[in-house]
Amino acid sequence: QVQLVESGGGLVQPGGSLRLSCVASGNIFRIHAMGWYRRAPGKQLDLVAIDSDGNTTYADAVRGRFTISRDNAKNTVYLQMDSLKPEDTAVYYCKSELTTNQLLLLHHWGQGTQVTVSS
């Protein structure tokens with residue numbers, strides 16, 4: 001009954017910007033953390049950024065260029081991506097650590113959104 005829906009991906013030129021959104025809905029009592037991961041073709045899944053109860057963490061590859069933010073009232077997390085590079089091309093996944101209305105702790109993933117940075 002928990003759903004994470006990502007949006008905002010697309011094709012952008014190097015140096016451009018995109019803003020990803022992830023909306024959580026369903027059987028949610030409290031969201032503890034929301035973050036972004038990415039997987040490039042043939043590569044492993046890597047952490048991009050995470051907001052855990054107000055504490056933020058960034059991968060070295062994106063620090064200074066990406067900004068994670070949350071709107072807790074809307075159960076939404078954003079990833080503002082600036083100065084995009086071809087190396088940022090990947091499928092970006094939203095992940096949430098949350099407690100259900102039955103007080104069960106879950107880690108839930110979204111379906112992913114494609115980001116392509118190319119000239």
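## Why do we call it that?

Colleague: What makes leucine 103 count as exposed?

Modeller: Leucine 103 has a relative accessibility of 61%, so it counts as exposed. The scale runs as follows: buried is under 20% relative accessible area, exposed is over 50%, and partly exposed is in between, using a 1.4 Å probe and protein chains only. A word on what you're looking at: this is a predicted model, where local features need pLDDT of at least 70, side-chain atom pairs count only at pLDDT 80 or more, and totals for chains, interfaces and linings use all residues. Residues are numbered from 1 along each chain as its sequence is written, and side-chain values use heavy atoms, with hydrogens and water left out.

Colleague: Where does leucine 103 lie, and what is its phi?

Modeller: Leucine 103 is in the loop between S9 and strand S10 (105-109); strands here are DSSP E runs of at least two residues, numbered from the N terminus. Its phi is positive, about 65°, although leucine 103 is not a glycine. Most residues other than glycine have a negative phi.

Colleague: Why is serine 83 called partly exposed?

Modeller: The relative accessible area of serine 83 is 42%, so it is partly exposed. Serine 83 sits in the loop between S8 and S9, and this non-glycine residue also has a positive phi, near 50°.

Colleague: Aspartate 88 is in the loop between S8 and S9 as well. Is aspartate 88 buried or exposed?

Modeller: Buried, because aspartate 88 comes in at 2% relative accessibility.

Colleague: What does the side chain of aspartate 88 make a polar contact with?

Modeller: The side chain of arginine 65, at 2.8 Å. The rule asks for a pair of N or O atoms within 3.5 Å; within protein, one must be able to donate a hydrogen and the other to accept it, and residues adjacent in sequence count only if both atoms are side-chain atoms. The aspartate 88 side chain also reaches the backbone nitrogen of lysine 85 at 2.8 Å.

Colleague: Why is arginine 38 called buried?

Modeller: Because arginine 38 has 12% relative accessibility, it counts as buried. Arginine 38 belongs to strand S4 (residues 30-39), and its side chain has a polar contact of 2.8 Å with that of tyrosine 92.

Colleague: What makes cysteine 22 and cysteine 94 buried?

Modeller: Cysteine 22 is buried because its relative accessible area is 0%, and cysteine 94 counts as buried because it is at 0% too. Valine 77 in S8 touches residues including Cys22 and Cys94, and valine 77 is buried because its relative accessibility is 0%.

Colleague: Which residues have the most contacts inside the largest nonpolar core?

Modeller: Met34, Trp36, Val48, Phe66, Leu79, Met81 and Tyr92, in a core of 28 residues. Such a core is a set of buried Ala, Val, Leu, Ile, Met, Phe, Trp, Tyr and Cys residues joined through side-chain atoms within 4.5 Å.

Methods: Helix = DSSP H or I, 4+ residues; strand = E, 2+ residues; numbered from the N terminus. Contact = heavy atoms within 4.5 Å. Lists of a residue's contacts leave out its neighbours within four places in sequence.
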